[in-house]
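Morning, everyone. Let me put one model on the screen and walk you through it.

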Amino acid sequence: MTKRALKRMAREGAYETGQYGDDAKVRRLPIDVRERGNAWNPLGHDGAPNNPERDQSYLKTIKPKSPGQAQLMEAIDEKNLVMALGPAGTGKTYIAISKAVEALEAGKVSRIVLSRPAVEAGESIGYLPGDMEDKLAPYLRPLYDALTDRLSVKRMRALMAEGAIEIAPVGFMRGRTLNNAFVVIDEAQNCTYMQLKMLLTRLGWHSTMVVTGDPNQSDLLPGISGLADVASRFDAVDNIAVVRLADRDIVRHPLVAEMLGVL
């Protein structure tokens with residue numbers, strides 16, 4: 001069959017039944033040109049992008065669900081350094097990573113750098129097998145979950161292979177200058193004052209840094225976490241936004257807000 005005939009078949013949907021045997025395992029679906037208007041279309045029956053019949057349940061652009069989240073998203077758009085403090089379930093990490101993905105996809109930054117301290121939640125799990133990435137995977141799992149929710153797994157792995165997305169523990173951040181990057185420091189309540197000072201001074205040109213954490217849920221010994229101290233000092237700096245989320249901003253299960261009110 002000539003290339004011209006193949007192109008005509010692809011364009012018009014025409015085919016000849018004689019070219020396939022009775023026992024052919026691969027058959028082409030018959031498409032009648034006269035009924036082409038009733039064929040399935042990924043944009044809807046009329047081919048319009050805004051067709052109401054098209055499923056648009058998943059939106060790439062997130063929207064705030066509380067006044068605190070709206071304040072946080074506005075602060076990330078306006079400031080180069082934002083500290084997001086609040087209880088569990090307020091969407092601190094998710095909003096920060098979503099904003100990072102939006103900035104990367106829009107070409108505003110060239111890479112995303114995600115970091116969090118490798119601190120166990122009150123119990124020792126011993127030595128983990130594998131190389132460095134395997135040992136750090138359990139600590140960095142929440143960041144992977146947020147990334148895969150905003151990006152497909154294949155897309156995330158491709159960006160990580162290219163170096164556009166980097167996930168690193170706090171201990172490997174010293175001495176770096178992060179230019180043209182969106183930096184997210186997660187679980188900052190498990191960082192000491194000196195660790196936070198080291199992380200915050202990594203900020204380079206054309207970069208945005210978001211520090212998230214809950215001062216009331218630190219896994220360190222009492223008095224060692226430096227998040228609350230750093231946030232109180234930054235309240236007096238106009239070019240730094242300190243957003244404090246409250247129980248009313250919790251978007252997780254309603255019982256989470258009730259539990260945190262009595263615990």
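This is a predicted model: local features need pLDDT of at least 70, side-chain atom pairs count only at pLDDT 80 or more; totals for chains, interfaces and linings use all residues.

Residues are numbered from 1 along each chain as its sequence is written, and side-chain values use heavy atoms, with hydrogens and water left out.

Overall fold. The protein chain has eight helices and six strands. These are DSSP runs, numbered from the N terminus: helices are H or I with at least four residues, strands are E with at least two. Along the sequence the pattern reads α-α-β-α-β-α-α-β-β-α-β-α-β-α. Of the 263 residues, 37% count as buried. Buried means under 20% relative accessible area; exposed is over 50%, and partly exposed is in between, with a 1.4 Å probe and protein chains only. Take the contacts with a separation of 6 or more: 72% of them come from residues 24 or more positions apart. Contact here means heavy atoms within 4.5 Å.

Now the sheet. What is the strand order? It is S3-S2-S4-S5-S1-S6, an open sheet of six strands with parallel pairing. Strands pair if DSSP finds at least two bridges between them. At the edges sit S3 (165–169) and S6 (240–244), each pairing on one side only. Twist averages 15 degrees from one strand to the next. Look at S1, residues 81–85: five bridges join S1 to S6, and the two run parallel. Ala84 stands opposite Val243 in S6.

Two helices lie across these strands. H6, residues 193–200, lies across S1, S4 (181–185) and S5 (208–213), at about 155 degrees to S5. H7, residues 227–234, lies across S1, S5 and S6, at about 130 degrees to S1. Angles run from 0 to 180 degrees between N-to-C directions, and axes are lines fitted to C-alpha atoms, for helices over the stretch in contact. In H6, Leu196, Met198, Leu199 and Leu200 are buried. The buried residues of H6 pack against S1, S4, S5 and H7.

Next, a helix pair. Two packed helices are described by the angle between their axes and the distance between the axes. H2 (residues 67–78) and H3 (residues 92–105) pack at about 35 degrees, axes 11 Å apart. From H2, Gln69, Leu72, Met73, Ile76 and Asp77 meet Lys92, Ile95, Ala96 and Lys99 in H3. Those contact residues divide into five nonpolar, one polar and three charged. Nonpolar covers Ala, Val, Leu, Ile, Met, Phe, Trp, Tyr, Cys and Pro; charged covers Asp, Glu, Lys and Arg; the others, Gly among them, are polar.

Stay with H3. 11 of its 14 residues are buried, so the helix is mostly covered. Its 14 residues should span 20 Å at 1.5 Å a residue, and the end C-alpha atoms are 20 Å apart, which agrees. The expected span is 1.5 Å times one less than the number of residues. Just after H3, Gly107 takes a positive phi of about 80 degrees.

Last stop: Ala188, in the loop between S4 and H6. Buried or exposed? Ala188 counts as buried because its relative accessibility is 0%. Leaving aside neighbours within four places in sequence, Ala188 is in contact with Leu196, Val211, Thr212, Gly213 and Leu227. The C-alpha atoms of Ala188 and Arg116 are separated by 7.0 Å, and these residues are 72 apart along the chain.
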